[in-house]
Amino acid sequence: MEFFDSLAQGMSALMGWQTGLALLVGAALGVVVGVLPGVGPGVTIAVLLPFTYGMPPLAGISLLLGVYCGAFYGGAVTSILIRTPGEASSIMTMFDGYPMARAGQAQRALSLAFMSAFVGGMVSALLLGIAARPMAQFAAHFGAAENAMAILLAAVCVGKAYRRQFPAAMMMMGLGFFLATVGIDPNSNEQRYTFGLAGVLSGIPLVPVAVGLFGLAQALVMVSSPVPHFDAALIGRAGVSWRGFLEPFRYPRSMGKGLFLGAAIGVLPAVGAALSTSLAYFWAQRGARDKTPFGQGNPEGIVAAECANNSNSGGAMITVLTLGIPGDAITAIIMGVFVVHGIVPGPSLFMDRPEIINGVLAALLVINVLILGLLVISVKPLARLAYVNPRVLGLVILALCFVGAYSAANSMYYVLVSAAFGLFGLVCARANIPTIPLILGMVMGDTLESALRQVLGRSEGDLAPFFTRPMSLTMGVLMVLMVAWPWLRQGWQRVWPDRKA
């Protein structure tokens, strides 16, 4: 009953014209950027972030959520029609969607993908409504020690998600934590790493950093990259079929596997939809009802991948709303909207601003309905966006980035910061160094510093509180095990070479 009360309150919060317009624009824009080559939701959300400052909080969040969710739907279009994934998480959809389209079943493949994504998105939103409040009540028992260890554990999870790039990811995370300390110390009023620059006294702002790292850097990559060539003959066959919309429900096992993995992995920091779609795809191969080989047009591959892809969003928002810990760069930027409007994500948010929590739940449900409706009536013209020259698109994004950076504070300082981090992001892209951990570090840095100050201030510098509180100790042990796991595994294999760790 509480869930339906929350949903009704959330729907009421969406009734304003600004929020309703933001939902529609965000959903449409998300689908478009999912289809456009090389753009993606991260770039678009970074560019849009400065423009959300003048909106009501829920309208700004709804706009960015629309882009976030819509891009997952749009990515399936190019994966199926031109064998070019719009998103990394759409790669698995490509394996069976493109052969199906080549066999003259493009409408069937698109319909399978859209309905599976819709089911995943709706289940994800319902998960948020059901699980967020109990998780917030659990997190309310966290003290400063638990908050600090949770952030450090999230940082290690981010690093481990990059596997062989673990040192580089942790280095960038540390750089993000460091950048969060720049400015005036809130306790002593001493200047920290300002080097006498007046613009840095209030800290390094998140908005131009995000615009630079994700918007400018990607625009520069697109401008300097060769124009791709592909066979676009299948775009003319784009469309949907009502029979195809019902087909995913013939494969409940594959659908369930995708939903379970997508929802579970969505909660984990920095793991993201790409891993959940891969695991769901390969899991669906076991016991598949359809006997068509996977990779040659099996519908269950599309169902599992798209259900897992779109069921990530709710899980990712759970950690933002309940713990104040973003799971990826996109949710970190969305969290920036909360911070700008003076809203602190965490357990207290459920008591202080319930209309925001309920509004996010209702927005996710409405966004998925809007996106499905937009795709049904306009999938063919949307598919033609794949023809857009990425170099021209890069120039447009470049201009929008500078306009957005300036408009955030009507200051050239923001433009200079954005340009500096854009060049830095381009260097990182060429050197294959991940930049997402830097943004996550900047977003979580203030919370980590505040928690550490509270713990160490009360204990007079003693680290004992981190190891005497059960939850803090448990997270610390998990963190150590995650870091030490490669060496533990090697030791196991030396002692017992015939057994796998």
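Where is the place of Asn 432? Asn 432 sits in the loop between helix 19 (412-430) and helix 20 (436-459). The model is predicted, and its confidence is taken up before the other features.

**Confidence**

The mean pLDDT of the protein is 82, and 93% of its residues reach 70 or more. Helix 8 (residues 166-179) has the highest confidence, at a mean of 91, while helix 15 (residues 329-340) has the lowest, at 76. Where pLDDT is low, predicted coordinates should not be read in detail.

**Loop residues**

Most residues other than glycine have a negative phi. Asn 432 has a positive phi, near 60°. Because its relative accessibility is 56%, over the 50% cut-off, Asn 432 counts as exposed. Glu 460, which is not a glycine, also has a positive phi, about 55°. Glu 460 is placed in the loop between helix 20 and helix 21 (465-468), and with 76% relative accessibility it counts as exposed.

Arg 286 belongs to the loop between helix 12 (272-284) and helix 13. At 63% relative accessibility, Arg 286 counts as exposed.

Two packed helices are described by the angle between their axes and the distance between the axes.

| Pair | Axes come within | Crossing angle |
|---|---|---|
| Helix 6 (residues 106-139) and helix 13 (residues 299-310) | 7 Å | roughly 35° |
| Helix 5 (residues 91-102) and helix 13 | 8 Å | roughly 145° |

Helix 5 passes helix 13 in a left-handed crossing. In this contact, Met 92, Thr 93, Asp 96, Gly 97 and Met 100 of helix 5 meet Pro 299, Gly 301, Ile 302, Ala 305 and Glu 306 of helix 13. By class, these residues are 5 nonpolar, 3 polar and 2 charged.

The crossing of helix 6 with helix 13 is right-handed. On the helix 6 side, the residues are Arg 108, Ala 109, Leu 112, Ala 113, Ser 116, Ala 117, Gly 120, Gly 121 and Ser 124. Helix 13 contributes Pro 299, Ile 302, Val 303, Glu 306, Cys 307 and Asn 310. This contact has 8 nonpolar, 5 polar and 2 charged residues.

Is Glu 306 buried or exposed? Its relative accessibility is 0%, so Glu 306 counts as buried. Leaving aside residues up to four places away in sequence, Glu 306 touches Phe 72, Ala 76, Thr 93, Ala 113, Ser 116 and Ala 117.

**Helix 2**

Helix 2 (residues 17-35) has 19 residues, so at 1.5 Å a residue it should span 27 Å. The C-alpha atoms at its ends are 27 Å apart, which agrees with that expectation. The buried residues of helix 2 are Thr 19, Ala 22, Leu 23, Gly 26, Ala 27, Gly 30, Val 31, Val 33, Gly 34 and Val 35. Among the elements that cover these residues are helix 1 (2-13), helix 3 (40-48), helix 4 (57-81) and helix 17 (354-383).

Key. Residues are numbered from 1 along each chain as its sequence is written. This is a predicted model: local features need pLDDT of at least 70, side-chain atom pairs count only at pLDDT 80 or more; totals for chains, interfaces and linings use all residues. Side-chain values use heavy atoms; hydrogens and water are left out. Axes are lines fitted to C-alpha atoms, for helices over the stretch in contact, and angles run from 0 to 180 degrees between N-to-C directions. Helices (H or I, at least four residues) and strands (E, at least two) are DSSP runs, numbered from the N terminus. A crossing is left-handed if the near helix is turned anticlockwise from the far one by less than a right angle, and right-handed if clockwise. Contact means heavy atoms within 4.5 Å. Ala, Val, Leu, Ile, Met, Phe, Trp, Tyr, Cys and Pro count as nonpolar, Asp, Glu, Lys and Arg as charged, and the others, Gly among them, as polar. The expected span of a helix is 1.5 Å times one less than its number of residues. Buried means under 20% relative accessible area, exposed over 50%, partly exposed in between (1.4 Å probe, protein chains only). pLDDT is the predictor's confidence in each residue, from 0 to 100.
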